[in-house]
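Me: I would like a close look at one part of this model, with the cut-offs given as you go. Please start with a quick check on one residue away from that part.

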Amino acid sequence: MKPADLSKVAITDGYWKKRADINRTVTLITEYNQLKDTGRLDTFKQLWKEGMPNEPHFFWDSDVAKWIEACAYSLVSFPDKKTEEMVDAVIDDIERAQWEDGYLNSYYTVKDKTARWTNLLIMHELYCAGHLMEAAVAYFQATGKDRLLNIMCRYADHINSVFGPEKGKLRGYPGHEEIELALVKLYNATGKEEYLRLSEYFVTERGRQPSYFDAELERTPGIKRYNRDKGTTMPYAYVQAHAPVTDQETIEGHSVRALYFLSGVADVAAITGRNDLLEACEKLYANMTQKRMYITGGVGDTPDIERFSYDYNLPNETAYAETCAAIASVFFCSRMLNITGNGKYGDTMELALHNGIMSGISLDGTEFFYSNPLAVEAKAVLEETLEFHSHMGYKRRKWFGCACCPPNIARLLSSLGSYFYSTDGRDIRVNLYGSSEFLHEGIKLSQTTDYPWDETVKILFSCETPSESMISLRIPGWCEKHEITINGGACAAEYSNGFAQIKRIWHDGDEITLFFHMPVVKMQAHPNVRHDTGKLALMRGPVVYCLEEEDNGKHLAALFIQPADNFDVVYDNEFLGGCAYLSGRAFRLSESGYEERLYKPFSAEYEEAGIKAIPYAMWSNRNPGDMLVWINAMTTPE
Ligand code: FUB
Ligand code: ZN
């Protein structure tokens, strides 16, 4: 199926409307100011000289590109002259920074004109190109203006003349994937077959032997590699180049890279019909979701090179779970959902959206998490580590030295509508729930719901003439019991791949009512996840809950919950932007009997305590402090 055309979807109310509105009215301008103040925008003006402040970084272009893309999606539904003028002014500078032969990279232009294309493993030229291509396509589709699109086609033509399997070209591929999926977008926008072929080349060349990265190091000894002291490079699995994707058994390496890559692989598979590539995507998705993903949908468990490490290694306090990686998972899963029609991809997408992504941005839209741990002891975090990557942060930051996440979340939030629905001819699939309207071939679907807080979703069907089509509704994997009625009566749905499919002649005013039973569920991790053994996490629907110091005091690890205990679900429109929190009881290990000792003979004694759990995505929006997702379970073995 095809993703919904963004111009045909409006997010009309509820949770997502609040978040998307703040993104449009606050985040976009906040990020513009950061891009300006940190020198990112000015780098394209090529005025920077050695010794000046704001020394350019080799992937700054991507931050600017993602912001342009975010503005473009926003302009689709909310035309705004001022935003367009700001973007056009940036495009003026980008245009001036393009070389005669089409090459375009502000870092190499101002830092070293002689070194381009010499260090693909590290230097991100193809990654930045990919982001600029995505921005160009989005801006063209939003405004009809093709200047950036033409700039990027010239650049793509240049790249196509430099890379490829043909004699005389470099047989290289990027050290950070992204261009694969971007070239497919450029192909879709322009119809130029060579962009699709180049993408397929990048996808299938990766990981072949002899390694291009070895050859590049031999050709230019001394180029920057991560492990410079030893003169060696990172293992190529870091960049998914240890084997061709079709031979990879597990999802490896840097998590954002891996998931951007798989998004591109899925795109190429979908268009070319290559089953080997699709099977690789399915296999690596299975490994990720069954063995390497946090309950929040976050991925990339290890701060050291921001990577997937090994099966069942999911530490909570040191979780990296970069916001960008959860976003990349949405990119990948939405593609797989459209290609295969399997609702499990929708489940993973929804999980990441409601948890590991939205934790990445403050409720007021001005501050961001880069990494998203599942447990925090605020005192253990050194202030100085907060300044840059803040991989153990407990306070969101206004910006980062490495600022990939803020504009990434902005572009996702301003394009959210396109993930809600998919189409195939007259058939429509509802992938995500949230108040919204979707126009398609003379049909209008209007969703009204307070999901994820409320269990009911109503979908009103409007059309001028009765219309036969299939409406498919995703029945989330977390949902054990649901009901569907049409106009208040029984509904004959067929179930397939996680969707309830209703095929009939629809009349104006027909209304589907979905009721998803949403009890509070105590989740348990696979016993091999040593970090979570003996613990439970609270979930309700797609929302993961956590405890915060603000509500529950310090030393959250001393709390135990009885799995059989019930929790009250309390919806509070004033609390944390309006959400449902959970209220119940726990048992706190008593501190008595220790006197002045750190240790004493074992005798677990507890004191009952009331606790309040809030949606994980909303933590650290009040007084930042300790936080915990996996809570001790008070069980007695049978
Ligand atoms: O390297 C470019 C981006 O910066 C990556 O995708 C993020 O993980 C961050 O390292
Ligand atoms: Zn990021």
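Does Glu595 count as buried or exposed? After that, please describe the zinc ion (ligand 2) and its coordinating residues, and the residues around ligand 1.

Reply: This is a predicted model, in which local features need pLDDT of at least 70 and side-chain atom pairs count only at pLDDT 80 or more, while totals for chains, interfaces and linings use all residues. Residues are numbered from 1 along each chain as written, chains are lettered from A and ligands numbered from 1 in the order written, and side-chain values use heavy atoms, without hydrogens or water.

Glu595 counts as exposed, at 69% relative accessibility (exposed is over 50%, buried under 20%, partly exposed in between, with a 1.4 Å probe and protein chains only). Glu595 sits in the loop between strand E21 (579-589) and strand E22 (606-615) (strands are DSSP runs of at least two residues, helices of at least four, numbered from the N terminus). Its phi is positive, about 50°, although Glu595 is not a glycine.

Now the metal site. Glu322 supplies an OE atom to the zinc ion (ligand 2), and Cys404, Cys405 and Cys324 each supply an SG atom, at 2.0 to 2.3 Å (donors are N, O and S atoms within 2.8 Å of the metal, or 3.2 Å for Na, K and Ca). The arrangement is tetrahedral because the four donor atoms subtend angles of 92 to 120° around the zinc ion (ligand 2) (four donors count as tetrahedral if all angles lie between 85 and 135 degrees). Along the sequence, the spacing of the donor residues reads E-x1-C-x79-C-C. Glu322 belongs to the loop between strand E4 (307-308) and helix H14 (323-340), and Cys405 to helix H17 (residues 405-414), so this pair ties together parts that are 83 residues apart in sequence. Glu322 is buried, with a relative accessible area of 2%, and Cys405 is also buried, at 1%.

A polar side-chain atom of His124 is 2.7 Å from an oxygen atom of ligand 1. The side chain of His176 has an N or O atom 2.7 Å from an oxygen atom of ligand 1. For the side chain of Tyr370, the corresponding separation from a ligand 1 oxygen atom is 3.3 Å. On its own, ligand 1 has 270 Å² of accessible area, and the protein covers 95% of it (Shrake-Rupley method, 1.4 Å probe).

Gln209 and Pro210 are joined by a cis peptide bond with omega about -5°; Pro210 is in the loop between helix H10 (193-205) and helix H11 (212-219). Another cis peptide bond joins Tyr451 and Pro452, with omega about 10°, and Pro452 is in the loop between strand E9 (443-449) and strand E10 (456-463). Asn54, which is not a glycine, has a positive phi near 55°. Asn54 lies in the loop between helix H2 (40-43) and helix H3 (60-77) and is partly exposed, at 38% relative accessible area. Most residues other than glycine have a negative phi, and most peptide bonds are trans.

Conventions:
Four donors count as tetrahedral if all angles lie between 85 and 135 degrees; four count as square planar and six as octahedral if opposite donors are over 155 degrees apart and all others between 65 and 115; anything else is irregular. A residue is near a molecule or strand if one of its heavy atoms lies within 4 Å of it. A polar contact is a pair of N or O atoms within 3.5 Å; within protein, one must be able to donate a hydrogen and the other to accept it, and residues adjacent in sequence count only if both atoms are side-chain atoms.
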